[in-house]
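This report covers helix packing, a sheet, a chain contact and a pair of domains. The sequence and structure come first.

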Amino acid sequence: MTDPVPLPAGVRDVLPVEAAELRALGDALDSAFASFGFREVMTPLIELADVLDRAEEDGVGRAYRLFDDEGRVLVLRPDLTIPIARLVATRMADQPDPVRVSYNARAVRPPAPGKIEGAEQRQAGIELVGMGGADADAEVIAALAAGLAAAGVPDARIAIGSVSLVSAVIAGVGADAPAQRRLWAALRGRSRVDWRAAAADAGGAGEASAVLAELPSLRGGTEVLDRVAAAVPDAADECGRLSEVLRLVGLHGVAPPMVDLGVVRDWAYYSGVVIEAYAAGAMAPIAVGGRYDGLAARFGRPRPAVGVAVALDLLHHAAGRGAEQPDAGIVLVGGCDQFIEDAARLRARGVAVVALPVDAGDAEAVALADGRRFVVRPDGPGWVARDVIGGADIAVADLLEGPWN
Amino acid sequence: MELRICVPLGALLEDSLAAMAAVGLPVDPLRDAGRRLIVDVPGGPTYITTRPSDVPTYVESGAADLGIVGRDVLLERQPDVYELADLGFGGCRMSWCTPDGEDPTAEAVERFGVVRVATKYVNCAERFFEETGRKAEIVKVNGSVELAPLVGLSDGIVDLVATGRTLRENGLVEREEIFTSTARLIANRVSHKMQASVMDDLVRRFEDARA
């Protein structure tokens, strides 16, 4: 036993196999997002606390904080949408609408005791800024679907709700302020039991009060929206808006998302459609997002915006193993002393060469640990390649023409 | 995919089995489980049996799709799960209890600025005293909570009360009710969406069975 070398709570290292899989997933998402014209931006790991305070977001309370040398409070970004909103509102203020940006970065939040969720959250996401309509909502959902398909999660399921629709229904039945607060607390707490109790006290009559009582449990297709619109006329516009999103998503060639009016986000900046995606094998939604029209104004450049972020670690759990194939490339015995020129020629041809000294002991062990299939050694005037998976020796006359090309 | 249902052992088990049987779930294999912790019904659900306080953990992590658990455990653990239905059984209340005679709570606050509380429900106790404007010093104990105030470890206890018999036998009196609790049906956030129609149907049957 070696002495334990602990890591801070909630963080972990990523070893080569996982790193390669995470990168492949991130690349698949990035290229799907790029096909819609989203361009990558990067924001700093640390922000002034003032930036996050401007978002007026309770959830920001859970964040790592530190001081700079002038005593200002700095925050390790606990969220990526707020920094991107700051970036777009300031650095890209003159960029004509719409602005499409993407990111592949880490948010950091102190782990909650007893929760499995890690402190570092890898997220690949998009933000579509400057378009306030259903067309932008639909594009973000379509880009998410394209990204998840590219990442190899075919059974992923997307659900959409709308916080503005829920607000319209609550206001439409005439709930007073305390009743509204109770309803929102029940919804955010995902408690149908508390919701029903609050809805029963909230007023309304007939079908409107029946719809209110069931609201977070309502899910399905456009028929759900038609029912809500008929029962609560004040919510008809919001229902029509969400129906239009569904129609447009269909035109993108994407399977229609499930309407689920119980979907809400924990962050208060969301103002319209909210999006979640799920896949078997991931314990929590693999993607979350929505419309947040009020956030940019807090940074001095009001513009509507909608976005979504994929949680790469959860996606990784859902995606399973990559295809089982040994990496291309060879382990070349002598590649770093006697046969450096041969190694260089191979690399110039695009073959990855893991170079070992000519007197290397167990080259096969290195090949297995690194996931390379062939160990190549000098053999008289030519070479012999040992297939470490199949176990066979192959005589190779010319390295450049080996089976690895 | 068949549902994986997490069922609490202990006080809620019998009523949970009855409630599940009432909505047409095959529970006989679970009755005959003996010491097995997992019961896989061919063509039906897989049951996972755990202690009640672990049910939210299994459901939140997705090891189980659904679970039955007391509201007291939900309020203590605050898991990120959907609370779908009130199953009605397992009624009890969380209460602040102190030894018979004069209630020592007010004097503790006045003279020492703090109420000493022994409990298994640390979060519930802390929240309750904060919400009622008092500072509490919480001592976490794992069993026989009633003992703590009798030997001077604390001023009182925060604990679940069903009939009140254990309290009476130990000379304790309920002073303040914190909340009432019944058994709840909870669901994993992903399962609730991936298996939407199965879940919605089952919730409807649980509600119809109660009505």
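Helix α4(A) passes α10(A) in a right-handed crossing; a crossing is right-handed if the near helix is turned clockwise from the far one by less than a right angle, and left-handed if anticlockwise. This is a predicted model, in which local features need pLDDT of at least 70 and side-chain atom pairs count only at pLDDT 80 or more, while totals for chains, interfaces and linings use all residues. Residues are numbered from 1 along each chain as its sequence is written, and chains are lettered from A and ligands numbered from 1 in the order in which they are written.

The helices named here are DSSP runs of H or I with at least four residues, and the strands are runs of E with at least two, numbered from the N terminus. Helix α4 of chain A covers residues 134-150 and helix α10 of chain A residues 236-251; their axes lie 8 Å apart at an angle of about 45°. Axes are lines fitted to C-alpha atoms, for helices over the stretch in contact, and angles run from 0 to 180 degrees between N-to-C directions. That angle makes α4(A) oblique to α10(A). Angles under 35 degrees count as roughly parallel, over 145 as roughly antiparallel, 65 to 115 as roughly perpendicular and the rest as oblique.

Residues of α4(A) in the contact include A:A134, A:D137 and A:I141, and those of α10(A) include A:R241, A:V245 and A:L248. Two residues are in contact if their C-beta atoms, placed from the backbone, lie within 7 Å.

Chain A also has an open, mixed sheet of nine strands in the order β1-β5-β6-β12-β11-β10-β7-β9-β8. The edge strands are β1 (39-40) and β8 (219-220) of chain A. β1(A) pairs with β5 (residues 99-108) of chain A in the parallel sense over two bridges; pairing requires at least two DSSP bridges. A:E40 has A:S102 of β5(A) as its bridge partner. Helix α4(A) packs on this sheet, and its direction makes about 15° with that of β12(A).

In chain B, the domain assignment gives domain 1 (4-90 + 182-210) and domain 2 (92-180), with bounds from an automatic or database assignment. Their centres, taken over C-alpha atoms, are 30 Å apart. Four residues of domain 1 of chain B touch seven of domain 2 of chain B.

The table gives residue classes; Ala, Val, Leu, Ile, Met, Phe, Trp, Tyr, Cys and Pro count as nonpolar, Asp, Glu, Lys and Arg as charged, and the others, Gly among them, as polar.

| Contact | Residues by class |
|---|---|
| Side of domain 1 of chain B that touches domain 2 of chain B | one nonpolar, one polar, two charged residues |
| α4(A) with α10(A) | seven nonpolar, no polar, four charged residues |
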